[in-house]
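Student: Please take me through some of the labels given to this structure, and set each one against its definition.

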Amino acid sequence: MTITELLGIQYPIFQGAMAQIAREPLVSAVSNAGGLGIIGSGGMSADVLREEIRKVKAATDKPFAVNLMLMMPNIPELIGVILEEGVKIVTTGAGTPAPYMPILKENGLTVIAVIPSVKIAKKMEALGVDAVVAEGTEAGGHVGETTTMALVPQVVSAVSIPVVAAGGVADGRGIAAAFALGAQGVQVGTRFLTTFECPTHENFKQAVLDADDTSTTVTGRSIGGPVRSIKNSMIAEFLKLENEHASREELEKISLGSLRRAVFEGDTDRGSVMAGQIAGLCNELTSVEEMITGMFADAQQHLDRLGALSLTPRAAVQA
């Protein structure tokens with residue numbers, strides 16, 4: 001069964017569950033355009049999640065999901081809301097879904113785990129998840145260490161469940177490459193930041209539009225929480241202290257509330273503008289529907305062109 005058949009979606013594209021950003025305006029637009037919109041529940045209370053789910057259900061009759069950031073302390077309450085509201089798909093990250101798999105599967109939910117390595121992909125398959133999202137270090141936000149190009153084919157070879165590629169995908173070429181690596185779909189975050197429906201401050205969108213291929217960097221590796229963001233004065237200060245072996249408490253003083261400052265207040269100098277290395281390709285504002293349909297039309301052209309190519313060496317021409 002393909003990922004589109006499994007989820008009942010038209011296009012094999014997931015919208016990344018970006019914290020503070022993946023809310024109803026973006027989620028419902030993605031689902032209405034034929035992809036899988038995903039509510040990012042990280043940092044939400046049970047009441048806020050319920051409100052977001054109901055907003056999405058009012059705005060679309062298409063499939064959507066809720067992402068569970070498993071390091072959060074209120075996961076049981078969030079799962080209770082998901083079950084009560086009849087959500088059928090969850091994605092998971094930042095921890096193992098093992099304690100919650102029985103209740104999720106008993107209630108017929110499709111569970112998809114975001115993973116950074118082959119080892120964890122195998123563990124997730126053994127737990128009974130329905131698919132995995134193999135996310136490379138190019139992605140924005142919390143990242144692993146392996147690149148998408150290296151990670152995806154190794155995960156595809158290691159598991160029998162569908163694999164979705166994430167990290168560094170922003171156009172049709174990225175989609176075609178993901179399929180060439182054996183993935184059945186893609187998860188996209190950074191490109192959705194430059195859509196009209198993305199509910200962020202205009203300064204945040206402009207920071208992504210202005211970015212190039214070297215605009216991002218990773219902070220937090222020294223404390224076991226690597227995060228990719230666009231460089232600014234807050235990031236520079238964080239990296240300086242990190243290089244001086246500052247404590248976790250010192251580093252958290254700088255970063256506390258920084259994502260909210262960027263997303264809602266538009267402070268792109270002292271806030272955290274989480275984005276991936278592919279931001280340099282995200283250079284125009286479009287609607288979600290235009291973005292998705294354009295990406296897949298472009299991907300099809302690239303796949304058709306590749307299908308017409310022959311990589312078999314030609315016989316030597318006799319003199």
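Student: What makes the contact between Lys-55 and Glu-52 a salt bridge?

Tutor: A salt bridge is a side-chain nitrogen of Lys or Arg within 4 Å of a carboxyl oxygen of Asp or Glu. In this predicted model, the side chains of Lys-55 and Glu-52 meet at 3.7 Å, N to O, and therefore the pair falls within the 4 Å limit. Both residues lie in helix H3 (residues 46-59), three residues apart, about one turn of the helix; helices here are DSSP runs (H or I, at least four residues), as strands are (E, at least two), numbered from the N terminus.

Student: Why is Glu-52 called buried, and why is Lys-55 called partly exposed?

Tutor: Buried means under 20% relative accessible area, exposed over 50%, and partly exposed in between, with a 1.4 Å probe and protein chains only. Glu-52 has 5% relative accessibility and so counts as buried, whereas Lys-55, with a relative accessible area of 37%, is therefore partly exposed.

Student: Where in the chain do Glu-237 and Arg-270 lie, and what is the N to O distance of their salt bridge?

Tutor: The side chains of Glu-237 and Arg-270 meet in a salt bridge at 2.8 Å, N to O. The pair links distant parts of the chain, 33 residues apart, with Glu-237 in helix H10 (residues 233-243) and Arg-270 in the loop between helix H12 (258-265) and helix H13 (288-308). Glu-237 has a relative accessible area of 34% and is therefore partly exposed, and Arg-270, at 31% relative accessibility, counts as partly exposed.

Student: How many salt bridges does a search of the whole structure find, and which residues are linked in a network?

Tutor: The search finds 14 salt bridges, and Arg-50, Arg-54, Lys-57, Glu-84 and Glu-85 are linked in a network of them.

Technical notes: Residues numbered from 1 in each chain as written. Predicted model: local features only at pLDDT ≥ 70, side-chain atom pairs only at ≥ 80, totals over all residues. Heavy atoms only, no water.
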